[in-house]
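Here is a short walk through one chain. Look at the structure first, then read on.

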Amino acid sequence: MSRHRHSRLFREVNNRIYDLLESAEPDLPGEFLCECGRDCGRRVLLLPAEFANLRQAGQAVRSPDCRRRTELAGGVPALG
Ligand SMILES: [Zn+2]
């Protein structure tokens with residue numbers, strides 16, 4: 001599976017997680033998948049509202065570890 005397709009799949013899974021949380025437990029954080037595209041398998045704990053903010057800003061869900069690595073490498077954020 002290509003990296004692009006992979007991260008899109010993760011975004012779709014996260015959207016589903018968001019829908020479930022938002023309708024069931026909007027005040028509790030849920031575990032979203034890291035969208036760094038490296039198949040890192042990390043989970044990111046976010047409130048539904050925080051996830052919605054990321055989406056509105058056009059940003060991917062990233063675990064702090066992956067974010068740091070991207071910055072170190074001077075990498076381009078994997079959007080979509
Ligand atoms: Zn990651």
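Along strand E2, residues 43-46, the side chains alternate. A residue is buried if 20 or more other C-beta atoms lie within 10 Å of its own, exposed if 12 or fewer, and partly exposed in between, with C-beta atoms placed from the backbone. Strands (E, at least two residues) and helices (H or I, at least four) are DSSP runs, numbered from the N terminus.

This is a predicted model: local features need pLDDT of at least 70, side-chain atom pairs count only at pLDDT 80 or more, and totals for chains, interfaces and linings use all residues. Residues are numbered from 1 along each chain as its sequence is written.

The chain has three helices and two strands. Their order along the sequence is α-β-β-α-α. Strand E1, residues 30-33, runs antiparallel to E2, and four bridges join them. Two strands pair if DSSP finds at least two bridges between them. Glycine 30 has leucine 46 of E2 as its bridge partner.

Between E1 and E2 lies a loop that holds aspartate 39. Aspartate 39 is not a glycine, yet its phi is positive, about 55°. Aspartate 39 is exposed, because 12 other C-beta atoms lie within 10 Å.

The largest nonpolar core has 11 residues, among them Tyr18, Phe32, Val44, Leu46 and Val61. Helix H1 (3-24) and E2 are the elements that give two or more residues to this core. Such a core is a set of buried Ala, Val, Leu, Ile, Met, Phe, Trp, Tyr and Cys residues joined through C-beta atoms within 7 Å. Buried residues make up 24% of the 80 residues in the chain.
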